[in-house]
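Colleague: Could you take me through the charged pairs in this model? I have the structure open.

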Amino acid sequence: MDVNVSVAVLINTNQQVLLAQRPPPKPWEGWWEFPGGKIEKSETSVDALHREIYEEIGVKIIDFEKWVTRKYSYGDNDVTLHFFKVYKWEGYITSKEKQKLVWAYLKKPNISPILPANKFIQKAFDLPKYYAITNLFETSKKVFLNQLKNKISDGLEMIQVREKNISFSQLKVFSKEVIEICKPKNVKVIINSDVNLAYEIKADGVHLTSKDLLSIKERPKNLIVSASCHTQEEADIAEKLNINFLVLSAVKKTLSHLDNKPIGWDNFQKIVNKVNIPIYALGGLGVNDYQVALDNGGIGIASQRLIWN
């Protein structure tokens, strides 16, 4: 049976989220989850969000954002979870269904067990909408660094330094320049493939190529670790290694791989919903594709070209 559910991730001023414990006689009694419930036939996901939250915790939602959509199978049920981030509400949060309620930091929740479907949200919660990738191949360094400053002013929060057409010494200098611009603004800088360089210049993380992913035995320590993947097998390996997030490509045709057949959104959705790891969509995509990525189970857009427009 197909079941659609609206799920509210209520966020307070301390960046804690509200979790509810499933009371008896509900299935999964005692497990913790985000508030929400089934979407009725006559409702949209937004209608159900407002109704369920009022029925469960007695507040009227004021400010919210449609977030990621995820699909899971529980027994005979195929469940689609429509997640919303909720920033503001009216009224006092109270338990209307005899469920326990608690505010918790997702990185270190003080309660357990948490429903498996919500484990994904723990990993995805702090990730930004866009994962930008450097592109010196098509512009000068001076122009690019100005573009970077402008994008940071527009809200960019994370960037990967990926330059295959310059020498190592040039790459090192360029990476340091990117970090110098990004660090004061708390923008994360991820270095492509080179773990040692990431450590040396104190970058925030390293991005593994699919080849790297298949060859490493354990994830690098004390770094954010992302990885590229193109198949279900690679995504499964990344999940076992506890990689922080993935980039799945190519969703559409790209200028750099014109002969490669894109996977398309249908195959993208199939892969992302089989692993509990956040995945960015890459390949011929820009900021206008963000909502499409969310609707297909992705966490956002990775882009090397269109994002700089």
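Colleague: Which side chains meet in a salt bridge at 2.3 Å, N to O?

Modeller: Those of Glu-200 and Lys-172, where a salt bridge means a side-chain nitrogen of Lys or Arg within 4 Å of a carboxyl oxygen of Asp or Glu. The pair links distant parts of the chain, with Glu-200 in helix α5 (residues 195–200) and Lys-172 in helix α4 (residues 168–182), 28 residues apart. Helices (H or I, at least four residues) and strands (E, at least two) are DSSP runs, numbered from the N terminus.

Colleague: What should I keep in mind about the source?

Modeller: This is a predicted model, in which local features need pLDDT of at least 70 and side-chain atom pairs count only at pLDDT 80 or more, while totals for chains, interfaces and linings use all residues. Residues are numbered from 1 along each chain as its sequence is written, and side-chain values use heavy atoms, leaving out hydrogens and water.

Colleague: What does Asp-295 form a salt bridge with?

Modeller: Asp-295 pairs with Lys-66, their closest N and O atoms being 3.1 Å apart. This pair also links distant parts of the chain, since Asp-295 lies in helix α9 (residues 290–295) and Lys-66 in strand β5 (residues 60–74), 229 residues apart.

Colleague: Switching topic, is Ser-45 buried or exposed?

Modeller: Ser-45 is buried because its relative accessible area is 15%, and buried means under 20%, exposed over 50% and partly exposed in between (1.4 Å probe, protein chains only).

Colleague: And which residues does Ser-45 touch?

Modeller: Not counting residues up to four places away in sequence, Ser-45 touches Ser-6, Ile-39, Lys-66, His-82 and Phe-84, contact meaning heavy atoms within 4.5 Å.
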